[in-house]
Amino acid sequence: VNNRVATCSPAPVCPLTAAWRRATTPRGALSSKCHLLITTQIPLLAVITIACTVLFTVGVVGNVMTILVVSRYRDMRTTTNLYLCSMAVSDLFIFVCMPLDLYRMWRYRPWRFGDALCKLFQFVSESCTYSTILCITALSVERYLAICFPLRAKALVTKRRVRALILLLWTVSLLSAGPVFVMVGVEQKNGSAEDTRECRMTQFAVESGLMEAMVWLSSVFFFMPVFCLTVLYSLIGRRLWLRHRETSINSRVAYRDKSNRQTIKMLVVVVLAFVLCWLPFHVGRYLQFRSLDAPSPLLSLLSEYCSLVSVVLFYLSAAINPILYNTMSWKYRGAVARLFGVSDGHPQRGRTASTVKGDGWTESTVSF
């Protein structure tokens, strides 16, 4: 399965699990009984396809608007928003891969688009997954510095350095996803009269242990950042709570902390959405591995339904961020209104980063 590796023998790829995309390991293969399960659930696949199509429309429009408002308006070009813009780019690339994913759900063989496209679209999905989680982590570290060490953050966090860091994170993501080009390919069942070409995990990846290594890598890319995010936001919340209790706090610090709390609330919701959208995959993979050690029809069935849930949540995770920005940020709503020409073109609330930098704020203090 793409990003959710199945460790069964490389028999026919189950379109259900093959659609699992994006947990962080290249596609594997399941037994042919999975195909039997799918053929009895065509209406369910139709519902999933409709849901993914709706998410495609919402996600593409929302992420394009995020990129436009950050790139077009100077007051939106903060360091925090540069990370969010990078995440929007990775989400757009994910939606570019959706048509091929839906094709594999409905017709997992024969694969008619060649070996290069088989490798490329799964590589894009892998690298975008890594990029998203790395950007979320880097953004949270920046928020921690800006709130807990504002003077140090003012010297360290600049737009130029953030752009360089984002480029580095994308480089790491692309290199980490590189093994996909070796692990995935188009293979055909020997001695078969029919066209059985499949875009799947290769026999070499299974036998060499490369697949197992990528499973471990996927776990590291998910659980380590989640642990770091939990620690960082706990420290940020503690610092803001202690400041709020101080009775001698001046108006400038109070305004800054109010802005910080709003930004942190939005980022915490973004992080929670990301974690919840990926949790079903990890649960499903655990159940799948357990069913291999101790075969159980119930575990296999639960694993398949976890894969169905995770395919929708995968694309939901790529579409939901602009919705959260619009719901929780007046500044984002105002920028979108300016983009469509329904406002006067000037920010109406709060102070921009440029007006408060002299007070010890970093450029990233005022964001979406």
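Student: Is Cys118 buried or exposed?

Tutor: This is a predicted model. A residue counts as buried when its relative accessible area is under 20%. Cys118 has a relative accessible area of 0%, so Cys118 is buried.

Student: To which residue is Cys118 joined by a disulfide?

Tutor: A disulfide is a covalent bond between the sulfur atoms of two cysteines. Here Cys118 is joined to Cys199, with an S to S distance of 2.0 Å. Cys118 belongs to helix H5 (residues 114–148) and Cys199 to strand S2 (residues 198–201), so the bond ties together parts that are 81 residues apart in sequence. Cys199 is also buried, at a relative accessible area of 1%.

Student: What is the handedness of the disulfide between Cys118 and Cys199?

Tutor: The torsion about the S-S bond is about 90 degrees, and the disulfide is therefore right-handed.

Student: How many disulfides does the count come to?

Tutor: The cut-off is a sulfur pair within 2.5 Å, and the count comes to one disulfide.

Student: Which residues does UniProt list for "transmembrane region"?

Tutor: The unreviewed UniProt entry lists several segments, among them 42–70 and 82–103. In the model, residues 42–70 are 100% helix, with end C-alpha atoms 42 Å apart. Residues 82–103 are likewise 100% helix, with end C-alpha atoms 33 Å apart.

Terms used
Residues numbered from 1 in each chain as written. Predicted model: local features only at pLDDT ≥ 70, side-chain atom pairs only at ≥ 80, totals over all residues. Heavy atoms only, no water. UniProt positions renumbered as here; feature names shortened; annotations may be inferred. Helix = DSSP H or I, 4+ residues; strand = E, 2+ residues; numbered from the N terminus. Buried < 20%, exposed > 50% of the residue type's maximum accessible area, 1.4 Å probe, protein only.
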